[in-house]
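Subject: Handover of a structure, with notes

Dear colleague,

I am passing the structure below on to you, together with my notes on it. Please read the notes with the model open beside them.

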Amino acid sequence: MATQQIAPRPLRPEVLELEGISRASVEAHHKLYVGYVNKRNEILEKLESVDRTSANQVYSDLRALKVDLTFAIGGIKNHELYIAHHGGAGGEPTGAFAALVQRHFGSVDAWRTDLHATGMAARGWAWTAYDWDEGRLFNYVGDAQNTFPVWNATPLVALDVYEHAYFLDYQTDRAAYIGAFFDNLDWDVVNGWVADYGIPG
Ligand SMILES: [Fe+2]
C-alpha cells in the first residue's frame with residue numbers, strides 16, 4: 001500500500017499579526033512545522049521497505065523510524081493546534097470552553113494559573129486536554145513533540161514553550177511570552193473543537 005503523503009497547511013494572514021508575538025516567531029514555528037510534515041512523509045515511505053527481520057530494541061532501522069515518526073507527527077499535530085487557535089482577541093475564555101474550565105478547574109483564574117505554571121515547568125509544550133476516561137480537563141506537560149500525551153485525551157489548548165516560541169521576542173523571559181500567548185487565542189476556534197468532538201459540558 002502506498003504511503004499517503006500529506007501537505008502542510010498554509011499560514012492564515014491573521015496569524016502573522018499577533019499582539020506581542022512577532023511575525024518572525026510565527027514564521028519560525030511554521031518553518032519547523034513544514035519540516036515535521038516532510039519528515040513524516042519521508043519516514044512513512046521508508047517504513048514501507050524497512051528490513052523487519054533485523055528489528056532490535058537497542059538499535060534497528062525499524063526502531064529509529066518508528067520512534068522518530070512520533071516526534072514528527074507530534075510536531076505536526078502540536079503546531080496545527082497552536083497555529084489554528086491563534087489570531088483571536090484573547091481575553092477570558094467564552095462559551096462551552098469557559099463552562100468546561102469553570103466545571104473542572106473551579107475558575108478561569110485557576111485554569112490559567114495552572115496552565116501558565118505547567119508551561120513554565122515544561123521543556124516543550126503544555127496542553128489543556130479533555131480526558132475521555134476521567135471525564136475532565138487537565139493541563140498536561142510535554143518536554144518534546146512526542147512527550148507526554150496520554151491515550152484518549154483531546155487537546156483543546158496547545159502552548160508551545162520551546163525556545164523558538166519566545167526567544168526572538170522575549171529572550172529568556174518565557175513568562176512574558178506566555179502572557180502574550182493568552183492575549184491572542186481565538187475562543188471561537190476552541191469552542192468549535194469542543195462542539196466537533198462532542199465534549200460534554
Ligand atoms: Fe513551535
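Predicted model: local features only at pLDDT ≥ 70, side-chain atom pairs only at ≥ 80, totals over all residues.

Residues are numbered from 1 along each chain as its sequence is written, and side-chain values use heavy atoms, with hydrogens and water left out.

Two or more lining residues come from each of helix 2, strand 1 (125-131), strand 3 and helix 7 (187-197), where helices (H or I, at least four residues) and strands (E, at least two) are DSSP runs numbered from the N terminus. Helix 2 provides the largest share of the lining, eight residues.

The iron site

The iron ion is coordinated by H29 (ND1), H79 (NE2), D160 (OD) and H164 (NE2), at 2.0 to 2.3 Å; donors are N, O and S atoms within 2.8 Å of the metal (3.2 Å for Na, K and Ca), and since water is not among the atoms, sites may look incomplete. The angles among the four donor atoms run from 92 to 135 degrees, and the site is classed as tetrahedral, a label given to four donors if all angles lie between 85 and 135 degrees. Along the sequence the donor residues are spaced H-x49-H-x80-D-x3-H. Because H29 lies in helix 1 (residues 23-49) and H164 in the loop between strand 3 (153-160) and helix 5 (167-170), the pair ties together parts that are 135 residues apart in sequence. H29 is buried, with a relative accessible area of 1%, where buried means under 20% relative accessible area, exposed over 50% and partly exposed in between (1.4 Å probe, protein chains only).

E80 is found in helix 2 (residues 61-84) and counts as buried at 19% relative accessibility. Leaving aside residues up to four places away in sequence, E80 touches R9 and Y33, contact meaning heavy atoms within 4.5 Å. The E80 side chain makes polar contacts with the side chain of R9 at 3.3 Å and with that of Y33 at 2.5 Å; a polar contact is a pair of N or O atoms within 3.5 Å, where within protein one must be able to donate a hydrogen and the other to accept it, and residues adjacent in sequence count only if both atoms are side-chain atoms.

H30 lies in helix 1 and is also buried, at 15% relative accessibility. The side chain of H30 reaches the backbone oxygen of R9 at 2.9 Å, and H30 touches R9, P10, L11 and I83, again not counting residues up to four places away in sequence.

Backbone points to check

Most residues other than glycine have a negative phi, and most peptide bonds are trans. Against that background, a cis peptide bond joins T147 and F148, with omega about -10 degrees, and F148 is placed in the loop between strand 2 (136-142) and strand 3. N152 lies in the loop between strand 2 and strand 3 and, although not a glycine, has a positive phi of about 60 degrees; N152 is partly exposed at 41% relative accessibility. Q171, in the loop between helix 5 and helix 6 (174-183), has a positive phi near 50 degrees and is partly exposed at 45% relative accessibility.

With best regards

Terms used
Tetrahedral: all angles 85-135°; square planar, octahedral: opposite > 155°, others 65-115°.
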